[in-house]
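Dear colleague,

I am passing a structure on to you with this email.

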Amino acid sequence: MGRVLPTDSERLVVETGNGPVDFSVELALDPADRASGLMNRKSMAADHGMLFKFDQSRQVLMWMKNTPLPLDMLFIDETGVVIRIANNTTPFSEAVIPSGGPVRYVLELNGGTSEKRGISAGDRVRHRVISK
């Protein structure tokens, strides 16, 4: 099993066109936590995710190496706006998944969650670590 980070006590909320959707998230705030992410995890609760915070806004490249779960990756700018979603990424793939522009955060959810919950580019993400 992958390294499990503590779940943050504050829920993360995605403001969608259909209303708010909330998740419990683990926080990957430093290089070591960002490097391991959700690698080697075989399962994750439906309302759970991992929020990555980068030191500055920049092009971000992710991949699925050693990650058995399909994931939705939400690329989020410094103001909390989702700029791109990579849906149902391929487990164990070493293909690079680009952010498509400068971002400060990436939210990883179980694959298919964005579609099921009505989350799309342009939605706003609220959490205490996301700049206002």
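The model is a predicted one, in which local features need pLDDT of at least 70, side-chain atom pairs count only at pLDDT 80 or more, and totals for chains, interfaces and linings use all residues. Residues are numbered from 1 along each chain as its sequence is written, and side-chain values use heavy atoms, with hydrogens and water left out.

The sheet

An open sheet is formed by 7 strands in the order 5-4-6-3-2-1-7, with mixed pairing. Strands (E, at least two residues) and helices (H or I, at least four) are DSSP runs numbered from the N terminus, and two strands pair if DSSP finds at least two bridges between them. At the edges stand strand 5 (82–86) and strand 7 (124–126), each of which pairs on one side only. On average, neighbouring strands of the sheet are turned by 35° against each other, direction ignored; for such angles, axes are lines fitted to C-alpha atoms, for helices over the stretch in contact, and the values run from 0 to 180 degrees between N-to-C directions.

Strand 6 (residues 97–110) is largely enclosed by the rest of the structure, because 11 of its 14 residues are buried. Buried means under 20% relative accessible area, exposed over 50%, and partly exposed in between (1.4 Å probe, protein chains only). Strand 6 pairs with strand 3 (residues 48–62) in the antiparallel sense over 9 bridges. Two of the bridge partners in strand 6 are Ile97, for Met62, and Val106, for Phe52. Strand 3 and strand 2, in turn, run parallel and are joined by 5 bridges, with Leu27 opposite Leu51 of strand 3.

Glu26 lies in strand 2 (residues 19–28) and counts as buried because its relative accessibility is 1%. The side chains of Glu26 and Arg41 make a polar contact of 2.7 Å. A polar contact is a pair of N or O atoms within 3.5 Å; within protein, one must be able to donate a hydrogen and the other to accept it, and residues adjacent in sequence count only if both atoms are side-chain atoms.

Asp8 is placed in the segment before strand 1 (12–16), and at 12% relative accessibility Asp8 is also buried. Its side chain is joined to that of Arg128 by a polar contact of 2.4 Å. A polar atom of the Asp8 side chain also lies 3.0 Å from the backbone nitrogen of Glu10.

The largest pocket

The largest pocket has a volume of about 260 Å³. A pocket is an open set of points on a 1 Å grid over the protein atoms alone, where a 1.4 Å probe fits, with protein on both sides within 12 Å along at least five of seven lines; lining residues have an atom within 4 Å of a point. The volume is the space filled by probe spheres set on the points, which are joined across faces, edges and corners. Of the 19 lining residues, Arg34, Ala35, Phe52, Met62 and Trp63 are the closest to the centre. Helix 1 (31–36), strand 3 and strand 4 each give two or more residues to the lining, and strand 3 provides the largest share, 6 residues.

With kind regards
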